[in-house]
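Here are some notes for a colleague opening this entry for the first time. Please keep the sequence and the structure in view while going through the numbered points.

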Amino acid sequence: MKIRAISLKDIRRFTDPVRIEGISDGVNVLCAPNEFGKSTVFDALRALFFVPHGSRASDIKQLRPHAGGAPEVSVELETDQGPFVVSKRWFSKPEARITRSGSLVALADEAEAWISRLLGGGDGGPSGLLWVRQGITGLSDGSNKEQQ
């Protein structure tokens with residue numbers, strides 16, 4: 001699986017839609033000054049891959065902007081089976097959706113199962129992605145959940 005583009009809407013500071021594209025093979029670096037939303041992008045990716053669309057857990061509540069809204073995350077993926085778009089929305093009209101070339105592949109719980117299969121059924125992070133959370137420099141830092 002290769003992430004090629006990321007779109008966010010109503011995610012913390014990103015109340016207007018924002019899109020990161022041009023993600024290529026090899027090492028990609030997301031670089032910006034402090035408080036520009038880099039950690040927000042990674043928290044949104046984590047939610048997309050690991051938090052069910054029906055969740056109202058605190059980590060999803062923390063994604064909502066101060067003005068409210070329904071957090072939405074979408075990624076364009078390249079897989080061995082071809083390109084797909086994986087999208088989730090939480091709270092208002094929660095939804096998980098997988099599309100390919102504009103056609104629906106899976107919706108709701110079927111989409112959640114599709115994502116789980118894509119990740120090999122694991123819950124630690126997308127395969128091949130170096131996933132380092134800001135402020136956590138070792139296994140002794142962070143909460144038990146973060147350490148796991």
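This is a predicted model: local features need pLDDT of at least 70, side-chain atom pairs count only at pLDDT 80 or more; totals for chains, interfaces and linings use all residues.

1. Arg13 lies over the face of Phe36, at 6.0 Å from the ring centre, and Arg64 lies over the face of Phe91, where the corresponding figure is 4.0 Å.

2. How many aromatic pairs does the count come to? The count comes to two aromatic pairs. In one of them, Phe49 and Phe50 have ring centres 6.4 Å apart and planes at 55°, so this pair is tilted. The angle decides the label, because planes under 30 degrees apart would count as stacked and planes over 60 as edge-to-face. As for accessibility, Phe49 is buried at a relative accessible area of 4%, whereas Phe50, at 22%, counts as partly exposed, the limit for buried being under 20%.

3. The rings of Phe84 and Trp114 form a pair with centres 4.9 Å apart and planes at 55°, so this pair too is described as tilted.

4. The protein has four helices and six strands, and, read from the N terminus, its elements follow the order β-β-α-α-β-β-β-β-α-α. Of the 148 residues, 33% are buried. Among contacts between residues at least 6 apart in sequence, 51% join residues at least 24 apart. The accessible surface of the protein comes to about 9200 Å², and carbon and sulfur atoms account for 49% of that surface.

5. Helix α1 (residues 38–50) deserves a careful look. Its 13 residues reach 19 Å from the first C-alpha to the last, which is close to the 18 Å expected at 1.5 Å a residue. The buried residues of α1 are Ser39, Thr40, Val41, Asp43, Ala44, Leu45, Ala47, Leu48 and Phe49. These buried residues pack against β1 (2–9), β2 (18–21), α2 (58–61), β3 (72–79), β4 and α3.

6. Which residues does Ala44 contact, once its neighbours within four places in sequence are left aside? Ala44 lies in helix α1 and is buried, with a relative accessible area of 0%. With those neighbours left aside, Ala44 is in contact with Leu8, Ile11, Leu63 and Val73. Between Ala44 and Pro71, which are 27 residues apart in sequence, the C-alpha to C-alpha distance is 8.7 Å.

7. The last point concerns a pair of strands. Strand β5 (residues 95–100) and strand β6 (residues 103–107) pair in the antiparallel sense over four bridges, and the bridge partner of Arg97 in β6 is Leu107. The hairpin of β5 and β6 has two residues between the strands, and within this hairpin Ser101 takes a positive phi near 55°.

Key: Residues are numbered from 1 along each chain as its sequence is written. Side-chain values use heavy atoms; hydrogens and water are left out. Buried means under 20% relative accessible area, exposed over 50%, partly exposed in between (1.4 Å probe, protein chains only). Contact means heavy atoms within 4.5 Å. Accessible areas come from the Shrake-Rupley method with a 1.4 Å probe; for residues, only the protein chains shown count as cover. Rings of Phe, Tyr and Trp (its six-membered ring) pair if their centres lie within 6.5 Å; planes under 30 degrees apart count as stacked, over 60 as edge-to-face and the rest as tilted. A charge sits over a ring if NZ of Lys or CZ of Arg is within 6 Å of the ring centre and within 35 degrees of the ring normal. The expected span of a helix is 1.5 Å times one less than its number of residues. Two strands pair if DSSP finds at least two bridges between them.
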